[in-house]
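Welcome! Please take a moment to look over the sequence and the model shown here before reading on.

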Amino acid sequence: MAFVQQVSSGSEGDPQYIMVDDKKKRRMISNRESARRSRMKKQKHLDGLLNQVVELQKQNDEITQRANSTTQIYNNVDSENKILRAQMAELTDRLQSLNSVLRIVEEVSGFDIDIPEIPDPLLKPWQVPCPYMPIMASADMFQC
């Protein structure tokens, strides 16, 4: 839409008409260029955000994978620990039975038999045998 303001009552070839029309054209070109730069800047920002989304999704997948791996290792250690506790309880019961048999043999035979006592940590597995010694862990102890 070309709008030219009439400044003087001269012909259309008048320099006033041309100057107003040139200013409008320059302004339109400048506005189009500014809009193009703005669109490019917005597209560049959007591309950066999309790259950041992809990177964060990749990091999230890696963290999820490590968490799942750690959970699996924990479950394996936990099940092994339950098996070891069950074995320890069974062996403790067997040791107590054998010690009671030795006491009976000692009473019947009249001979003194050295019967060792069952250590407390075996009877109370939830207690740490050396409470003053810290339990040490390292970051690589759960690496596969």
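What follows is a short tour of the fold, the surface, a few side-chain pairings and the confidence of the model.

This is a predicted model, in which local features need a pLDDT of at least 70 and side-chain atom pairs count only at pLDDT 80 or more, while totals for chains, interfaces and linings use all residues. Residues are numbered from 1 along each chain as its sequence is written, and side-chain values use heavy atoms, with hydrogens and water left out.

**Overall fold and surface**

- The chain has two helices and zero strands; helices (H or I, at least four residues) and strands (E, at least two) are DSSP runs, numbered from the N terminus.
- Helix 1 covers residues 15-109.
- Of the 144 residues in the chain, 5% count as buried, where buried means under 20% relative accessible area, exposed means over 50%, and partly exposed lies in between (1.4 Å probe, protein chains only).
- The accessible surface of the chain comes to about 13100 Å², and 58% of that belongs to carbon and sulfur atoms; these areas come from the Shrake-Rupley method with a 1.4 Å probe, and for residues only the protein chains shown count as cover.
- Among contacts (heavy atoms within 4.5 Å) between residues at least 6 apart in sequence, 25% join residues at least 24 apart.

**Salt bridges**

- The structure holds five salt bridges, each a side-chain nitrogen of Lys or Arg within 4 Å of a carboxyl oxygen of Asp or Glu.
- One of them joins K25 and D21, with the closest N and O atoms 3.8 Å apart.
- How far apart are K25 and D21 along helix 1? They are four residues apart, so about one helical turn separates them.
- K25 is partly exposed at 46% relative accessible area, and D21 is also partly exposed, at 23%.
- E33 pairs with R36 in a salt bridge, at 2.3 Å from N to O; these two residues sit three apart in helix 1, so they are separated by about one helical turn.
- E33 also forms a salt bridge with R37, at 3.9 Å from N to O, and this pair lies four residues apart in helix 1, about one turn of the helix.
- Taken together, E33, R36 and R37 are linked in a network of salt bridges.

**A closer look at S100**

- S100 is found in helix 1 and is partly exposed, with a relative accessible area of 34%.
- Which backbone oxygen does the side chain of S100 reach? The side chain of S100 reaches the backbone oxygen of S97, at 2.7 Å.
- S100 and I115 are 15 residues apart in sequence, and their C-alpha atoms are 9.3 Å apart in space.

**Confidence in the model**

- The chain averages a pLDDT of 81, and 69% of the residues score at least 70; pLDDT is the predictor's confidence in each residue, from 0 to 100.
- Over residues 1-11 the pLDDT is below 50, and beyond near neighbours in sequence this stretch has 13 contacts in the model.

Notes:
A polar contact is a pair of N or O atoms within 3.5 Å; within protein, one must be able to donate a hydrogen and the other to accept it, and residues adjacent in sequence count only if both atoms are side-chain atoms.
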